[in-house]
Amino acid sequence: MTEIVRQQPIVDHHEHHPPAGIKRWLFTTNHKDIGTLYLLFSLSMFFIGGAMAMVIRAELFQPGLQLVEPNFFNQMTTVHGLIMVFGAVMPAFTGLANWMIPLMIGAPDMALPRMNNWSFWILPFAFSLLLSSLFMEGGGPNFGWTFYAPLSTTYSPASTGLFVFAIHIMGISSIMGAINVVVTIINMRAPGMTYMKMPLFVWTWLITAFLLIAVMPVLAGAVTMVLTDKYFGTSFFDAAGGGDPVMFQHIFWFFGHPEVYIMILPSFGIISAIIPAFSRKKLFGYSSMVYATASIAGLSFLVWAHHMFTTGMPVAAELFFMYCTMLISVPTGVKVFNWVATMWRGSLTFEAPMLFAIAFIVLFTIGGFSGLMLAITPADFQYHDTYFVVAHFHYVLVSGAIFSIMAAAYYWLPKWTGHMFNERLAQWHFWCSLISVNILFFPMHFLGLAGMPRRIPDYALQFADINAVVSVGGFLFGFSQLLFVAVVVKCIRGGEKAASKPWEGAEGLEWTVPSPAPYHTFSTPPKID
């Protein structure tokens with residue numbers, strides 16, 4: 001007679017005794033913990049990259065060389081750019097995605113939790129490599145964050161190999177994070193949540209993730225060719241060996257322009273969550289926002305050579321890239337119109353998240369208009385490689401991407417911590433940031449129009465007064481961010497208990513889907529206002 005063995009239930013000991021202390025953070029597969037790790041890492045990188053910006057602005061406070069050697073100045077401009085793009089902005093958005101996407105779509109966690117852990121923990125190693133290159137003989141990378149050949153091949157320091165390896169690791173992390181987002185959103189939505197019912201933050205991240213998967217391998221190819229040109233005797237970008245240095249720019253910007261949208265599309269999703277909540281109205285034109293986001297992503301692949309108008313393209317190519325670039329302003333304009341229409345006749349209140357969201361709309365629009373000026377080919381011949389370009393992309397990335405990240409942090413801090421933050425301190429942070437960021441970047445437009453070149457540690461006497469103003473703005477903006485740290489630390493440590501809907505009247509889905517419930521237990525689709 002066959003003996004029937006009763007199967008014992010498998011007990012996951014971790015479920016009942018989760019690891020504590022450092023082990024909790026090292027081995028976690030919880031999307032909230034990993035989101036928190038990304039956000040804290042991003043904040044630390046923001047301050048390291050910001051310290052490098054302080055060095056740059058201190059050197060440029062007055063003409064002449066006073067603080068640093070020109071080579072070290074170039075290292076600061078290079079590593080500042082790389083850290084802010086790959087270490088501050090992108091990990092912050094990935095952290096927000098990890099935290100909020102499962103909650104917004106009613107999923108129990110991200111689809112690939114172990115890969116999620118790995119995609120975070122390789123980042124600190126990548127940036128340790130990049131920063132350690134600054135202490136090598138000959139210094140760190142000094143060729144600009146765009147690492148144009150032959151500066152990054154023939155004339156680069158010995159640490160270039162470390163720089164390439166660090167970029168590869170960052171790229172691997174981004175691709176893994178993007179795959180995780182795509183798989184989660186496609187496979188783990190709660191029953192009844194169709195694509196056109198997803199919150200816009202989820203939509204913008206889905207589109208961003210496809211962009212990442214498409215363009216990160218292009219960056220990997222570019223840095224690999226730089227590596228082989230420098231160390232293995234190839235000549236992809238060396239004209240003497242039959243290569244072409246301009247080809248590097250084509251490959252880099254084919255990655256680089258979609259990358260710019262990778263750093264701004266999640267912002268659009270954040271603003272589309274915050275504006276309706278503080279206007280007490282539904283978002284105006286939901287489906288047009290989805291189509292506009294997809295249009296921007298698609299067009300981003302057709303505009304890369306607007307960074308290269310001065311390289312001697314045929315006129316037909318210049319016209320093509322000029323018109324495609326101008327076309328992007330149409331879906332972007334749709335988004336801005338919809339945000340303003342959402343606020344129109346709403347019951348507005350102006351807490352810190354809303355203030356940052358409104359500042360985002362105004363300042364991002366200024367950045368968009370200066371981008372439209374740069375898109376006009378004959379005008380770009382004057383603006384190219386001047387401080388006008390620096391002003392343009394910092395309006396988009398600082399008062400755009402970073403302001404939206406701060407808006408998101410303030411909006412969701414009560415959800416993350418269970419406590420309300422100090423509103424007065426947050427408002428101080430906002431006003432100090434808003435005033436100083438404009439003192440910092442707005443005068444740069446005039447420097448650029450007057451012809452001051454970027455990435456140069458010294459300049460003509462005629463630019464001295466404006467540079468002094470810009471540097472003061474830079475230091476004010478940097479110190480203003482200490483207020484943000486104070487708000488976050490105070491909020492984590494305690495304070496007034498947050499209500500279940502801290503922003504009363506908020507219509508965001510993130511408050512209506514009960515987060516602990518697995519996605520398959522909903523008897524009815526989650527409520528979507």
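Thr94 is in contact (heavy atoms within 4.5 Å) with Tyr38 and Trp205, leaving aside its neighbours within four places in sequence. Thr94 lies in helix 4, residues 70-105. Helices here are DSSP runs (H or I, at least four residues), numbered from the N terminus. Thr94 counts as buried because its relative accessibility is 14%; buried means under 20% relative accessible area, exposed over 50%, and partly exposed in between, with a 1.4 Å probe and protein chains only.

This is a predicted model, in which local features need pLDDT of at least 70, side-chain atom pairs count only at pLDDT 80 or more, and totals for chains, interfaces and linings use all residues. Residues are numbered from 1 along each chain as its sequence is written, and side-chain values use heavy atoms, with hydrogens and water left out.

**Confidence**

pLDDT is the predictor's confidence in each residue, from 0 to 100. The chain has a mean pLDDT of 92, and 92% of its residues reach 70 or more.

| Residues | pLDDT | Contacts beyond four places in sequence |
|---|---|---|
| 1-14 | under 50 | two contacts |
| 506-529 | under 50 | 56 contacts |

Where pLDDT is low, the predicted coordinates should not be read in detail.

**The cavity**

The structure holds one cavity of 30 Å³ or more. A cavity is a set of points, on a 1 Å grid over the protein atoms alone, where a 1.4 Å probe fits but cannot get out; lining residues have an atom within 4 Å of a point. Volume is the space filled by probe spheres set on the points, which are joined across faces, edges and corners. The largest cavity has about 160 Å³ of space. Its lining has 17 residues, and Met90, Pro91, Thr94, Ser174 and Leu212 are the closest to its centre. Helix 4, helix 6 (160-187) and helix 7 (200-231) each give two or more residues to that lining.

**The cores**

A nonpolar core is a set of buried Ala, Val, Leu, Ile, Met, Phe, Trp, Tyr and Cys residues joined through side-chain atoms within 4.5 Å. The largest has 167 residues, and Phe86 and Phe127 have the most contacts inside it. Helix 4 gives this core its largest share, 21 residues. Not counting residues up to four places away in sequence, Phe86 touches residues including Pro91, Phe127, Met216 and Glu259. A second, separate core of five residues includes Leu374, Tyr383, Phe388 and Val389.

**Ile439**

Ile439 sits in helix 15, residues 423-449. Ile439 is partly exposed, at 28% relative accessible area.

How values were computed
On a 1 Å grid over the protein atoms alone, a cavity is a set of points where a 1.4 Å probe fits but cannot get out, and a pocket is an open set with protein on both sides within 12 Å along at least five of seven lines; lining residues have an atom within 4 Å of a point.
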